[in-house]
Amino acid sequence: MKVVFSILALNPVAIHLGPIAVHWYGIFIAAAVLIAVYLSMKEAKRQHLNEDILYDMILWAIPIAIISARIYYVIFQWGYYQHHLDEIVQIWDGGIAIYGALIGAGLFIWWFCFKHHLSVWQILDIAAPTVIMAQGIGRWGNFMNQEAFGAVTSLHFLQHLHLPSLIINQMFISGAYRQPTFLYESLWDLSGFAFLMIMRHAPQFFKRGEIFLSYVMWYSFGRFFTEGMRTDSLMLFGGVRVSQLLSIVLFVVALIVLIYRRKNDQLVWYYNS
């Protein structure tokens, strides 16, 4: 029996609260952030850190991450936004870059830890598993907006992946079926979450900071390949994809730092901390 799929896209708006449209994109992002904060705070409590100070950090880090993500995106799409200045604040329609969020929030966390005499490596290790989990969840916001997709493919290919019809239907974009690169990256991120949690529960083998450095390498490695499949990448001159270049830089830097720190016997091992 031949299965016939509808190609009606899902409504990106979840509900209307009066004149306010609540988008699925925002719901997925908000849910991902809340789950990440909850799990991170549980781990921070287990490590006997001051919860009040960490809540202060989070209350600043989240809006800084969102603003940084939008600024990063707008910078690399300035050719468009210089003629549509009123759309710069419309993040509910998509258009935020995770690398911008990570850079902005990372710099703020480093400054905050320095100011409050906290171990930045310890804080980053606590955050890393939940951040990559949140990234995996957040990609489903891209799914609802029909963005972060790949090249044209066939219905047969998508069916061969054993995807549910809901995903297949939503991948019918601009008159053709598309590679679900959002899904590839989401699965890679959630696998990374599992991997980093395994690391966390084997502290005798790792030094402080290595969970975070492993996160950087894991995410940047996967992002390099999924970015290469996308058709909506932010570009530099000469056709270089911004996220691919940044992925290479981050992977190499994280690997060098990890190797260097491994050779430094003065660093703290988890089971001694």
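Is arginine 139 buried or exposed? Hello everyone, let's start there. Arginine 139 is buried, with a relative accessible area of 10%; buried means under 20%, exposed over 50% and partly exposed in between, using a 1.4 Å probe and protein chains only.

A word on the source: this is a predicted model, where local features need pLDDT of at least 70, side-chain atom pairs count only at pLDDT 80 or more, and totals for chains, interfaces and linings use all residues. Residues are numbered from 1 along each chain as its sequence is written, and side-chain values use heavy atoms, with hydrogens and water left out.

Arginine 139 sits in helix α5, residues 120-145. Helices (H or I, at least four residues) and strands (E, at least two) are DSSP runs, numbered from the N terminus. Leaving aside residues up to four places away in sequence, arginine 139 touches Ile98, Ala148, Phe182, Glu185, Ser186, Tyr219, Arg223 and Arg230, where contact means heavy atoms within 4.5 Å.

Now, which residues of α5 and α9 make the contact between these helices? On the α5 side they include Trp121, Leu124 and Arg139, and on the α9 side Tyr219 and Arg223 are among them. By class, the contact of α5 with α9 has 12 nonpolar, 1 polar and 4 charged residues. Ala, Val, Leu, Ile, Met, Phe, Trp, Tyr, Cys and Pro count as nonpolar, Asp, Glu, Lys and Arg as charged, and the others, Gly among them, as polar.
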